[in-house]
Amino acid sequence: MIGVVSYLTFFLTMAGIMAIITLGLNLQWGYTGLFNGGVVAFFGAGAYGTMILGGPAEPGQFGGFGLPYLVALGGGILLAAALAWVVGLLTLRLRHDYLAISTFGVAVALESLARNSQWLTGGARGMRGFPRPFEAVIESNFLFGVVFLLIVLAVLALVWWGIERLVHSPFGRALRAIREDETAARALGKSPTRLRLWSLVIGAAIMGAGGGLYVSYTAFVSPQDLLPILTFQIWAMLIVGGAGNNRGAVLGAVLIWGAWTLSGFALTRLVPDSMQLDAGSIQYILIGTLIVSMLLWRPEGLLPERISNPRNTTAGKAAPTSNKE
Amino acid sequence: MIQSILDGILTGAIISLGAIGLTLIMHMLRFANFAYSELLAIGAYAALVFDRLFSALVPVLDEAFAPLTLTGALALSMVIAMVLTGLSAVVIDWLVFRRIRQKADPLSMVFASFGVALIIRNVIVLIFGHHAQLYSQEIARATILSFDPLILIKPDQVFVLVLALVLMLALHLVLTRTTFGFALRAVAENPALAQVAGVRLTTVIAAVWIIAGSLSAAAGTLYALTNQLNPMIGPVFLLPVFAATIVGGIGSVYGAVLGGFIVGIASGLALLVLPSGYAPAMPFLIILAVLLVRPQGLFGEDQR
């Protein structure tokens, strides 16, 4: 019994972290129409940043400052935000696919940096031994899991609330205005490049927070956490749930993470031992098919965006249409 | 140093072949196609299948053209692979991209292209496995061009470079000397006006996919001939071909060719100072440098 509950807390914690990252992507793609091809890079910057600042010292390796937890987490978030700022500054005034290509490139570059920079990231074996928050106080492993789940849910609620506040502020309306009609927004004196940059940076900071939480939970990070599959999973979560609204993003995160975990279980049980190596490929094909079929048949997702207008409520709108050139 | 430049030119020729189609697609359909480099994988594996088939059925074809390791069977297979990959590119467009194009914005196509890439790559893994394969078990002997500094070159590499240049020249002639070439350039310039002038948009788009697919198949096969073939050929070439198109300027065929050589040579030279583990990040650094200095690329229009 306790095993099941303990597994459930693990599952929900991971789903919660995924949901936080999906909310970050929702701000970028759902509300602003920015294509982030390297979600995993900002997650990874947050994870490695937190680890380097707050982790234990390793001989012959930079970092291991052992800073207080919140300082380390804040540093990881800042690192993710700074990375997004640089990429955004270079690409946001150009055609939209430059951002897609560059963010994808950042993810590739970060992975090869993590794999090869022994002095900074511990190379392929990664970094371990992060002092988990409250771990010293709480003796039972199970109780720690529950407390951490509560922390993740609290952060999730905070991010949700923050984004809701943001998108219902004048800033959020301006974001949707540039997403729908850039020329009109520009004519009203809004600067699309600056607004997009802010959205990209804030979204990346949220993804970085997800990475920081992940390290705080597993106490371990390695280049295996920087594989592109995370980017695809987060996209699938947002597309399935419905871009442009936070309920959809969180629903999608729980559904896809559940489906991913279940399909992993099912494949290890059903597929013969000789084919276990292929199980991963089958999962990849499933997620690729899911992304393509959602875009073909239900681009608005399970919970479509509702454009609220005090005078005229028109429910149900298709997936975000980006700026026309 | 000279060896690095030489190797860079050879890789560059393959990247160029791959980038030509991508720059046309990105310009005409206005989306960054992340499934594009999987066409190299489709081509290279199609060539592998037919190569094995012909070698088994017609042993005469299995003789290598000395001093190359290229056999008649492989040469024939490459031509078939080019046709088949061109057709698969059209089919993929019909099944996915065209349908999304009709109802959604270009960014949805970018999402979809990642999904398509995942599917193609992992279907290839399921069929052929993760391990590396070779067209020929023969050992390609390198010719020593000079001892000090030591410069080596394999006959296969010379053949690859020559064939790549011939294909590019052929494309150049098609684009500049035929009615079809004019139609294609007209659509790239102004699709609406080209349609008014009686150019069928769907035909031209299909033709571009065929060109893109067949050149990519050639690139994939030539890469596998001089190196080895494994399912990661798609992801490995993804950033280099994007870098080549951005360096050359989106929409410029000549820019893509030049960009491919620049990316190849720059990556080759960078490995003189950097450990080889950083190689995957090189094209990204080139992209950043171009965006910083000249975002429209060498021959591109303003992309704001």
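**Ground rules.** Residues are numbered from 1 along each chain as its sequence is written, and chains are lettered from A in the order in which they are written. In this predicted model, local features need pLDDT of at least 70 and side-chain atom pairs count only at pLDDT 80 or more, while totals for chains, interfaces and linings use all residues.

**Chain A, overall.** I looked up the secondary structure first. Chain A has 12 helices and four strands. I take both as DSSP runs numbered from the N terminus: helices are H or I with at least four residues, strands are E with at least two. The radius of gyration of chain A is 20 Å, close to the 20 Å from the globule rule for 325 residues, so chain A is as compact as a globular protein of that length. That radius is taken over C-alpha atoms, and the rule is 2.2 Å times the number of residues to the power 0.38. The C-alpha atoms fill a box of roughly 55 × 45 × 35 Å along the principal axes.

I then checked burial. Of the 325 residues in chain A, 52% are buried. A residue is buried if 20 or more other C-beta atoms, placed from the backbone, lie within 10 Å of its own. I also looked at contacts, meaning residues whose C-beta atoms, placed from the backbone, lie within 7 Å. Among those in chain A between residues at least 6 apart in sequence, 75% join residues at least 24 apart.

**Helix α9 of chain A.** This helix covers residues 192-218. Its 27 residues should span 39 Å at 1.5 Å a residue, and its end C-alpha atoms are 39 Å apart, which agrees. The expected span is 1.5 Å times one less than the number of residues. I find 23 of the 27 residues of α9(A) buried. A219(A) follows the helix and has a positive phi, near 60°.

**The core.** Which residues touch the most other members of the largest nonpolar core? They are A80(A) and I291(A), in a core of 202 residues. Such a core is a set of buried Ala, Val, Leu, Ile, Met, Phe, Trp, Tyr and Cys residues joined through C-beta atoms within 7 Å. I listed the contacts of A80(A) beyond four places in sequence; among them are F42(A), A45(A), A204(A), A205(A) and M207(A).

**Chain B, overall.** Chain B has 11 helices and two strands. The order along the sequence is α-α-α-α-β-β-α-α-α-α-α-α-α. Its radius of gyration is 19 Å, close to the 19 Å that the globule rule gives for 304 residues, so chain B is as compact as a globular protein of that length. Buried residues make up 52% of the 304.

Helix α8(B), residues 201-226, reaches 38 Å from its first C-alpha to its last, close to the 38 Å expected. I count 19 of its 26 residues as buried, so α8(B) is largely enclosed by the rest of the structure. Strands β1(B) (143-146) and β2(B) (151-153) pair in the antiparallel sense over three bridges. Pairing needs at least two DSSP bridges. I144(B) has L152(B) as its bridge partner. A hairpin of four residues joins the two strands.

**Where the chains meet.** How many residues does each chain give to the contact? Chain B gives 37 and chain A gives 39. On the chain B side, α3, α4, α9 and α11 each give two or more residues. The largest share, 14 residues, comes from α4(B).

How values were computed:
Two residues are in contact if their C-beta atoms, placed from the backbone, lie within 7 Å. A residue is buried if 20 or more other C-beta atoms lie within 10 Å of its own, exposed if 12 or fewer, and partly exposed in between; C-beta atoms are placed from the backbone.
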